[in-house]
Amino acid sequence: MKKIISLLLTVMLMATCISIPVMAEEEAGISVLLDGEYVAFDVAPTIIDGRTMVPVRAIFEALGATVDWQQEIQTVVSNKGDSNISLKINDATLYKNGEAITLDVPAQLIENRTLVPVRAISEAYGCYVDWNEWTKTVLIISDLDTTAVATVNGDAITAGYYNYILTQMESNAMQNMGLQPADFKNAWTSDIGGITLGDYIVNMAYEQCVFTKSNAQKARAEGIVLTDADKQNIDKLVKTVLAVYGEENEELLKLAGLTVNSIREFYTDNMYLEKYANNLLDETISDEGAKEYLEQNYVKAKHILISTMDMETGMPLPEDKIAAKKKLAEQILAKIRTGSNFDKLIAEYGEDPGMAQNPEGYLFTDGEMIEEFETAVKNLGVGEVSGIVESVYGFHIIKRVANGTYTEQEINQVKTLFANSVYEVLNTNMASSVMTQNNEFFLQVAPLSI
C-alpha cells in the first residue's frame with residue numbers, strides 16, 4: 001500500500017549447462033583482471049567449450065602460487081600456503097589437497113602450451129571469479145574480505161563490502177523498472193541518458209559505499225559507540241541476509257561475491273551512520289515537536305482488503321471473479337454494520353499482508369497512500385467505518401482509528417522531514433573525504449544478481 005520500495009537481497013542460481021565439445025578457438029581481447037591488475041600472458045586466453053583457458057604458469061604465478069610441470073606423468077602441480085593443487089593433461093579432475101574436483105574442461109596441451117581453466121584454478125585457491133561478457137574480462141578477487149577496491153580516508157572498501165551494496169542497488173533497480181533478472185541483464189548496457197544502466201548502478205553503489213564509510217568514520221571520531229542492543233540488531237540483520245541463502249549460505253554467498261564478514265562490516269558502519277544521523281536530528285527537532293507534528297498532519301486507519309489482483313501475475317482478475325469479490329465485500333460490510341468485530345474480520349478476510357505488520361493500522365500523511373484510500377480516511381471521524389472503497393488493489397472497507405501513542409520509529413520518520421540540514425552535513429562528510437578508486441575493477445563489474 002505505501003509507496004515504499006524495499007531493498008530485497010536475492011541470489012539467482014545459475015542453471016547448469018550441458019556443454020557440447022567444440023574445437024578450441026582464440027577469442028580476441030579476452031583479459032584476466034586479478035585484484036585490479038591485468039595478468040600478462042605470452043599466449044592469448046582461449047575459449048574451449050565455453051570455459052576460458054589460460055597459460056598455466058602465468059595464472060599460477062599471478063595467484064602467488066608455485067607451478068611445477070611433471071613431464072613424465074603430464075601433470076601440473078602447484079602450491080600456495082596450505083593448498084596443494086594438481087591436474088593432469090586431458091583429465092577432467094583437479095585434486096586439491098587430495099580431494100577430487102570435477103572440471104567442465106580439463107587442462108590440455110595446445111601447440112605445446114599447457115592451458116588450464118582459469119575459473120577452476122582461481123576458485124580452488126579460494127578466489128572469487130566473475131565474467132564480464134561485454135568486455136570479455138575474467139574478474140578475479142583473491143580475498144573478498146581484504147582486497148580493497150577503493151579507500152575512504154585510508155580505510156578500505158573491500159570487494160565484499162562493495163558487492164553487498166551493489167546487490168541491493170541491482171535489486172532496487174529491477175523492482176523500480178519492473179524487470180525480471182534476464183531482462184535486467186539485457187538492459188545492463190542500455191543507454192539511460194548519456195550513461196549505461198550498468199555504469200549508473202555501479203557508480204551509485206560506489207557512492208553509497210563512500211557515503212556510509214565516511215559518515216561511520218565521522219561517528220567514531222565524534223565518540224559514538226555501539227550499545228549491546230545495537231550489536232544485537234546487527235546480528236539480526238546479518239542473520240536475515242544469511243537466511244536468504246539457506247543452509248548452504250557460504251557457497252551461495254561466494255557466488256554472489258559476498259562474505260559474512262563483509263555483510264557484518266556494512267551493517268556495523270550503517271549502524272554508526274544511523275546513530276550519527278539521529279544525533280544530528282535531535283539537534284534539529286525534539287521528540288515533543290515531532291509528536292505535535294504527527295498529531296496535526298498524520299491519520300491512522302485499518303482496512304479489510306478484498307483483492308481483485310492475481311497475486312502471481314499482478315494483473316486484474318477476470319470480471320466474474322471481481323464481481324464475486326465485490327459481493328464478498330458487501331457481505332463483510334453488512335457484518336460490520338450488525339456489530340461484528342473489525343479486527344476479527346481483518347484476520348478472517350483481509351488480503352493485505354501489510355496489516356500483519358501494522359496491526360494497529362497504517363499511520364500516514366498526504367501522498368503516502370493511494371488516493372482513494374487517503375480520501376476515504378480523511379472523510380471519516382475516529383471510530384467510523386467507510387463503505388466499500390474501490391482501488392486498483394481491490395475493494396477496501398476502512399476504519400479510521402485514533403493515532404494513539406507514537407513509536408520511536410514514527411517519531412524518527414517525522415524528524416527526517418526536517419533533516420535537510422542533516423543530509424547536507426552527511427553529504428559534506430562524503431564530499432570532503434579523501435578517496436582512491438581501483439578504476440579497472442569498477443570498469444569490469446558485471447551484474448551480481450544474475
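Two strands count as paired when DSSP finds at least two bridges between them. Keep that in mind for the first stop. The model on screen is predicted.

**Stop 1: the sheet**

Select strands S6 to S10. These 5 strands make an open sheet, ordered S6-S7-S8-S9-S10. Their pairing is antiparallel. Now pick out S6 (68-70) and S10 (99-102). Both are edge strands with a single partner strand each, so one side of each has no neighbour in the sheet. Look along the sheet for its twist. From one strand to the next, the twist averages 25°.

Zoom in on S9, residues 93-96, and on S10. The two run antiparallel and are joined by 4 bridges. Which residue of S10 is the bridge partner of Tyr95? Select Ala100: that is the partner.

**Stop 2: H8 against H15**

Show helix H8 (residues 260-282) together with helix H15 (residues 420-431). Their axes come within 9 Å and cross at roughly 135°. Angles over 145 degrees would count as roughly antiparallel. The crossing of H8 past H15 is right-handed.

From H8, select Leu273, Tyr276, Ala277, Leu280 and Leu281. They meet Val422, Val425, Leu426 and Asn429 of H15. By class, the contact of H8 with H15 has 8 nonpolar residues, 1 polar and no charged.

Look at how these positions are spaced. An α-helix has 3.6 residues a turn, so residues three or four places apart point the same way.

**Stop 3: H3 against H8**

The axes of H3 and H8 come within 8 Å. They cross at roughly 75°. Is H3 roughly parallel or roughly perpendicular to H8? The angle makes H3 roughly perpendicular to H8.

Now select the contact residues. H3 supplies Gly160, Tyr161, Tyr164, Ile165 and Gln168. On H8 they meet Ser262, Ile263, Glu265, Phe266, Tyr267 and Asp269. This contact of H3 with H8 divides into 6 nonpolar, 3 polar and 2 charged residues.

**Stop 4: H5 and what follows**

Move to helix H5, residues 197-221.

Select Gly223, which follows H5. Its phi is positive, near 90°.

Methods: Residues are numbered from 1 along each chain as its sequence is written. This is a predicted model: local features need pLDDT of at least 70, side-chain atom pairs count only at pLDDT 80 or more; totals for chains, interfaces and linings use all residues. Side-chain values use heavy atoms; hydrogens and water are left out. Axes are lines fitted to C-alpha atoms, for helices over the stretch in contact, and angles run from 0 to 180 degrees between N-to-C directions. A crossing is left-handed if the near helix is turned anticlockwise from the far one by less than a right angle, and right-handed if clockwise. Contact means heavy atoms within 4.5 Å. Ala, Val, Leu, Ile, Met, Phe, Trp, Tyr, Cys and Pro count as nonpolar, Asp, Glu, Lys and Arg as charged, and the others, Gly among them, as polar. Angles under 35 degrees count as roughly parallel, over 145 as roughly antiparallel, 65 to 115 as roughly perpendicular and the rest as oblique.
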